[in-house]
Each structure stands twice: as C-alpha cells, then as structure tokens.
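Dear colleague,

I am handing over the structure we spoke about, and I would be grateful if you could look through it before reading my notes below.

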Amino acid sequence: MDDKRVAVGWDTRTWSRFHHIWLRDHCRCSECFHPTTKQRLVNTFEIPPDLQPLHVESKVDGLQVTWPSTTPHVSFYPWSWLRRNSYDPPIQNTETEKILWGSKIEQSPPTVKFEEVMTEEGPGLFKWLQNIDKFGFCFVSDVPVTPEATEKLAERVGFIRETQYGKFWEFTSDLSKGDTAYTTLALGAHTDNTYFTDPCGLQLFHLLSHTDGTGGATLLVDGFYVASLVKELHPEMYDLLSRVPIPAHAAGEHESLYRPSPPSGYPVLGHDLVTGELTQVRWNNDDRSVMRKLEAGLVEDWYNAIRTWHSCLTSPDSEYWIQLTPGTAVIINNHRVLHGRSAFNGKRRMCGAYIGMDEFQSKLAVLSEKFVHNIDLRVPEEKTHQPTRSVWSPYL
Ligand SMILES: [Fe+2]
Ligand SMILES: [Zn+2]
C-alpha cells in the first residue's frame, strides 16, 4: 500500500495494485451501485482526487475498505472479483479459447442436435453457443426440413436481424435480390455485409431441398486461422490488412444503396484496441468499391497483401468443403468464418437468417453466468425473491 494504491498479494510472487480512486469508484454497495439495474449511482466527480482510505482490512472473502466521510463509507470487494479485474498487472483470463482450424476440421466438425438446442435455456443451447464461440461455426443436425423449424432454431440465439434481404429469408436461385448469392454461380469465400457499418454477427442457413441437379457444396474457411498464417509468413502484409480501410457497397437493387459509415470503410482485419487481439474479419472482394483513398505509396504493397491473403484463403489446407443435405443447418460467425459455395444446377431452396453479434454475445453471457459462473454469483433480491444477477458478475 502507498499513498495512491492498495496492493493485494495473491501468492508470494504475484501482486495486484488498485488505485484508491479506482476502488472508490467501483464500490458496489447498494448506495453506489443499483442492485437491480446494475448502474453506477456513486458520483464519480465528487470523489476527492487524493482520496485515502481510513482503514483497509483483509477478510476471508475479500477486501474491506473504509473511506472517510461524514459517516464513514465501507466498501467490500470479493477476492475473485479483484483478481478478475486486476489491471496492474493485467491478469490473463482463460475464459474462452478460440480453436483455429483448417481443412482437417472435416474429421470432427462441431455439431449439436436440434432437439438439445431447443430445450429451454438448457445446457444444449449453451453447448451450441460455446461451439460457435470457439470454432466460429457449428452444425445443427436433425432439424425438421421446414422454414418454420429453422426460424425457431435461429430465434434460440436471439431475435433475427432484418436486412434488405428480409427478416427470416427463404429463396430459390432466381436473382430476385440483385446479388450473386441468388444465382447458381460459384461464390468464393467471403464474409457477408462488408458494406454495413456493423456486418451481421451470425448467419444461419439450411438447405431445404435440391432437386434436378448437382453441385452447390458449402465452403467454410476460418478467417482467424488464415490471418494467423499471414501474420506468421508476412507480418508486414498482416499490418497492411489491419490498417488499410476498404470501401464497399451493395447496389444491385434500385431502392437501396448501402455503404459503411465512415465511407472509407474498414480494414480486412479488425482488432481489440487494448489487447491487440484479432476480433473481426471483413472480406468480400466482389463488393469492394473504388479504392479512392488508398495512399499512392501503398498501392503495390496493398495489392500484394490481398494477393497473399487470397492465396492463403484459397489454399486446400484452409478450405473446408461440405455437401449439406436437408436436415442439417449451419450457423456461422460472420465476423470470423468466411463462406462460399460451388456452382450448381437444378433448383435449390434455402432458408436462413442473420442474428446480430450483440444478441449472440448477450445470450452466451447469460448462459455462462448460469452454467460456468454458477449460482454463488446470484443473490436473492429482497423485494421479489426472484433470483437476480449478482453485482459481481464478470460481465459488468
Ligand atoms: Fe454470403
Ligand atoms: Zn459504496
């Protein structure tokens, strides 16, 4: 402890330091933090910048700090909460580990059964969402071959995101939406909605029938895996893919003209600003607009970088091809896994939906509170006797 911070020792070698102002600002007593709405009540700007605790005490369950004021204010912080939120030094949390994959994923692709997913807020639904989180995609088997059942499946994650293609969509290959997706042409690996400010988070689709023809295999590629290859082989190209924004458009229909905001667009690879971790892949070479903001000195280097990206993306080691059949739906994290298909003939009926990334993250967090961080984080609320979220939830 010094005049600015409290030090907490985890073992003989590991310590975390917490500033007094930080601790006071994060008090979670019911006067400082609304126990139901989980919103800050403490007036941050009334905390004296040079605040010192009157008393600091190590309890069995956590740290108790008494602050000076007309009536002394007592704050309590559970050890597990302090450790999870340690910023000096940051302590790595091992919450979800992403599993990067290439073509060999075909040996055991993540799959869950329709029936388990449809059980109310149960472990089957959690397993499905965890698979999507870890692998960036997951199959669902034994889905009734109807748009109605597929729509119910999508709604297990969250409400459907409506776009210019509709809400829950169903189509046959007839070029009805002014986009190559509605033709029988082959489509290279791409993410959807590069022309949106916030591309849809998840895409679910289900082949309902394919008659009088062949082809139309589904292609999945792990964008995070491909990015890791490029980073390893050509770090300078990885850097360009992370820096150069790409404008895009959806302009095949007369009544709409979509472009991202800001109009310069976003780079192929997006990262967490603090951790530097790769968080988003955006790539659809077909939907690119004019590269009018590209720095003259970078033109050749940037084309070389996307050439390398394309070649890693289309290498047999990266591509996972699967011939989907009616009854198996697939859900894809559109911020990570690219999809495509081979050309086909005959008549295909597909249905599916987009779901926002926020809806997915929300449902995953709720189920993690329930199944991972379990009941001791939940305290009974006095008024309603209904279980309520703990103020110590790791997501607050
Ligand atoms: Fe697509
Ligand atoms: Zn308080």
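Domain bounds here come from an automatic or database domain assignment. For this chain that assignment gives domain 1 (5-93) and domain 2 (103-364), and the C-alpha centres of domain 1 and domain 2 lie 42 Å apart.

Please keep in mind that this is a predicted model, in which local features need pLDDT of at least 70 and side-chain atom pairs count only at pLDDT 80 or more, while totals for chains, interfaces and linings use all residues. Residues are numbered from 1 along each chain as its sequence is written, chains are lettered from A and ligands numbered from 1 in the order in which they are written, and side-chain values use heavy atoms, with hydrogens and water left out.

The iron ion (ligand 1) has as its protein donors (N, O and S atoms within 2.8 Å of the metal, or 3.2 Å for Na, K and Ca; water is not among the atoms, so sites may look incomplete) H190 (NE2), D192 (OD) and H339 (NE2), which lie 2.2 Å from the ion. Along the sequence these donor residues follow the spacing H-x1-D-x146-H. H190 counts as buried (under 20% relative accessible area, with exposed over 50% and partly exposed in between, using a 1.4 Å probe and protein chains only) because its relative accessibility is 10%, and D192 is buried too, at 12%.

S242 is found in helix α7 (residues 235-243), helices being DSSP runs of H or I with at least four residues, numbered from the N terminus. S242 counts as buried because its relative accessibility is 19%.

Terms used: Helices (H or I, at least four residues) and strands (E, at least two) are DSSP runs, numbered from the N terminus.
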